[in-house]
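Thanks for coming. Please have a look at the sequence and the structure on the screen, and then I will go through a few places in it.

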Amino acid sequence: MRRQLYEVQRAMRARREAALRRGVIAVLDIGTSKVACLVLQFVPEDAEHDAGRPTLTQGAFRVIGASNTRSRGMAFGEIASMDECERAVRTAIQAAQKM
């Protein structure tokens with residue numbers, strides 16, 4: 001059981017690092033009243049090159065997508081209906097990707 005958890009955590013870490021190397025990341029806020037999504041592109045102002053790959057030295061970013069939608073499936077900060085909550089999250093993400 002623990003081994004599976006560690007493997008999942010390693011995979012998630014690898015996916016996060018790959019997204020940061022690409023320079024694009026999404027931020028998702030799931031609340032009781034709304035679901036918000038931001039898609040950010042990191043902008044290196046003074047990039048150093050490490051083996052041919054740019055390394056970000058500052059935390060500058062540009063918002064390339066943003067959306068929010070009414071939250072469904074949430075009650076008092078907890079998931080009441082997984083299907084409804086998933087639908088709201090997918091709606092917010094798709095709208096931000098289209099921007």
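Leaving aside neighbours within four places in sequence, which residues is Val43 in contact with? This is a predicted model, and I will answer from that model. Val43 is in contact with Ala60, Phe61 and Arg62, once those sequence neighbours are set aside. Take Phe61: Val43 and Phe61 are 18 residues apart in sequence, yet their C-alpha atoms are 5.1 Å apart in space. Val43 itself sits in the loop between strand 2 and strand 3. Its relative accessibility is 26%, so Val43 counts as partly exposed.

Next, a residue in strand 5, which covers residues 61-70: Thr69. Is Thr69 buried or exposed? Thr69 counts as buried, because its relative accessibility is 16% and the cut-off for buried is under 20%.

Which residues make up the largest nonpolar core? There are seven: Val35, Cys37, Val39, Ala88, Val89, Ala92 and Ala96. Two elements give two or more residues to this core, namely strand 2 (34-42) and helix 2 (82-98). Helix 2 has the largest share, with four residues.

Let me stay with one core member, Cys37. Not counting residues up to four places away in sequence, Cys37 touches Val27, Leu28, Gly65, Ala66, Ser67, Ala92, Ile93 and Ala96. Among these, Ala92 and Ala96 are also members of the largest nonpolar core.

Now to empty space. Rolling a probe the size of a water molecule over the atoms shows where such space is left. The largest pocket holds about 270 Å³. What lines the largest pocket? The lining consists of Met12, Arg15, Arg16, Ala19, Arg22 and Ile25. Helix 1, residues 2-22, gives the most to that lining, with five residues. By type, the lining residues divide into three nonpolar and three charged, with no polar ones.

Last, confidence. The average pLDDT of the protein is 84, and 84% of the residues score at least 70. Which element has the lowest mean pLDDT, and which the highest? The lowest is strand 3, residues 48-50, with a mean of 51, and the highest is helix 2, with 94. Where pLDDT is low, the predicted coordinates should not be read in detail.

That is the end of my part.

Key:
Residues numbered from 1 in each chain as written. Predicted model: local features only at pLDDT ≥ 70, side-chain atom pairs only at ≥ 80, totals over all residues. Heavy atoms only, no water. 1 Å grid on protein atoms, 1.4 Å probe; cavity = no way out; pocket = protein on both sides within 12 Å on 5 of 7 lines; lining within 4 Å. Points joined across faces, edges and corners; volume = space filled by probe spheres on them. Nonpolar A, V, L, I, M, F, W, Y, C, P; charged D, E, K, R; others polar. Core = buried A, V, L, I, M, F, W, Y, C linked by side-chain atoms within 4.5 Å. Buried < 20%, exposed > 50% of the residue type's maximum accessible area, 1.4 Å probe, protein only. Contact = heavy atoms within 4.5 Å. pLDDT = per-residue confidence, 0-100.
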